[in-house]
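Hello,

Here is the structure you asked for. My notes follow below it.

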Amino acid sequence: MRTLRFLLQKEFRQIFRNTTILRMIIAVPIIQLLILPLAADFEIKNINVAVVDQDNSSFSKKLIEKISASNYFHITSWSSSFEKTYPLFENDKADLILEIPAHFERDLVRENHQQLFMAVNAINGTKALVGSSYLTGIIRDFNGDLRMQYVQQTANAQIVPIEISSVNWYNPLMNYRFFMVPGILVVLVTMVGSYMCALNIVKEKEVGTIEQINVTPIKKHQFILGKLIPFWLIGNFVFSVGLWVIARFVYGIIPLGSIGLLYAFLAVYLVALLGIGLLVSTYSSTQQQAMSLAFFLMMIFMLMSGLFTPVDSMPEWAKWIARANPVTYFIEVVRMVILKGSGFKDISKHFLVMAGFAVFFNSWAVINYRKRSG
Amino acid sequence: MMTKEVVIKTEKLTKRFGDFIATNEISFDVYSGEIFGFLGANGAGKTTAMSMLCGLLTPSSGNATVAGYDIYKQTEKIKKNIGYMSQKFSLYEDLTPRENIRFFGGIYGLSDKEIREKSGRLIEQLGLASEADKLVVSLPLGWKQKLAFSVAIIHEPKIVFLDEPTGGVDPVTRRQFWELIYDASDRGITIFVTTHYMDEAEYCNRISMMVDGVIKELDSPANLKEKYKAATMDEVFFELARGAVRKAD
């Protein structure tokens, strides 16, 4: 115990003396939490629409007005020829082309039927998909309005349109930040766990101090605990700053569920993650190697965690990767507890899996970490 | 202070890395309190031998005891009874001398009182009073090495292993460094030292010469000079190392 005390004292001295690490601990979470949720917004706005209006009637004008009145679209050009409009597409100045055919109004009134043409620039798949569905919605609305007018004018029958009203649970205002902030909180804790711990251990290898440690009576487990405990505490600190300061005061996110539960899961999660950090350090002998390895893992962890794209919509094989990724579970738990107010019963499976990860990665790392080589 | 009590004993100690035999059946005794020079060209196998004696490497075959403990089974006991200082400077550069002394004193099991006394005495002895609370990184190399040596023997071990302790240090500091070594030797600490400086070899009670993984000679510097009819240890070293097959690393 006494040895561990000396090791911890040394670690904390070194950490607090290293201004780069200090900045990482304090500034990085704040900046990331302030910038990322504001910028990473999947609600698509500012879709550029080029209109080819070959009808130039009151109906076509009404439709275009309706489109530009919605906040999503930005009419970039309005001409009567598709040939002239098409280059805009190629120059990336238009995301959508809406073609209103000649005799649009006449045929619609006379034959009760008309067709519109919509071309979508699908390079940005999300934007294309969301844009075209918005536009379709607007046209459907427009269609409904017209029919109501028409029906009322002829006063034949009363058609009551079916209106669908929906309520968004757990995030009633569909505020994207409520979804992102808890996720980014997880990312930050993950960075601290995997990167900083691995780099710290490898630094001792690189500088050669580990050789000195290895000839002293310090035992394997003491050295490892001396490295893990400080970063476990730092992980908790970073999470707390994010949760109590940024999430609460900047975004007004107050966890619905139990804070204790959140911290209990964090405790297990950090042990699992520090195991990964330790593992990375055992496979690298320079900080550069550790950095590259940790970066590679982080990329996969982030992209395959359901942070940006839901795990459910991944292909089957990708789901397996996501399920083997500890970050996925923590993101789920954080979102469930903070936004939904889930209790222990709802996340007990996550607890089990995470404990499994913790045991698995740490055992692997400890077996691989040899105080005596050869 | 040299006695006939054996503190290091090796018997046919061998380490293989694949096909490469780094040390080949080396056998020697080191006596309590002596300054034992462990010499050889680069790549001769000195560091490998030393690592095995310190419990950092497991031998491929052969036997050895260090401070009376077996190097296969009792490495933890050995570690308590030895000090070690490598050619790479191995204190924490982002800690102060005082903090380094405290840390290493602590992990060798010194009490807080002992640590305080020791660190006061050491800092005074090394003339570090004005630097004691500055980071080690800002100290000149010579001072760092002297501090590293003092820290390596802070727990008064039976044996201290020094792996090229004076590499890159100026002659004046090297002289001071050897004064520290003599002090430690006078207190009964056995010194096991590797070096490439032949004037330092003359300071040793006995030296061994390693060539291509085997010990070619083991005797006092005076006897070796007589045997090879050489005026200096430089000539002895040259005579022996000339036959080496292995290239320097």
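Which side chain of chain A does that of D94(B) meet in a salt bridge? The partner is K203(A), at 3.7 Å from N to O; a salt bridge here is a side-chain nitrogen of Lys or Arg within 4 Å of a carboxyl oxygen of Asp or Glu.

This is a predicted model, where local features need pLDDT of at least 70 and side-chain atom pairs count only at pLDDT 80 or more, while totals for chains, interfaces and linings use all residues. Side-chain values use heavy atoms, without hydrogens and water, residues are numbered from 1 along each chain as its sequence is written, and chains are lettered from A and ligands numbered from 1 in the order in which they are written.

The interface: across it, the rule finds five salt bridges between chain A and chain B. Helix α1(A) gives the largest share of the side of chain A that touches chain B, with 10 residues. Helices (H or I, at least four residues) and strands (E, at least two) are DSSP runs, numbered from the N terminus. The contact (heavy atoms within 4.5 Å) involves 30 residues from chain A and 35 residues from chain B.

The sheet: chain A has an open sheet of four strands in the order β2-β1-β3-β4, with mixed pairing; two strands pair if DSSP finds at least two bridges between them. Its edge strands, each pairing on one side only, are β2 (73–79) and β4 (117–120) of chain A. Strands β3 (residues 96–100) and β4 of chain A run antiparallel and are joined by four bridges. One of the bridge pairs is L96(A) with V120(A).

Regards
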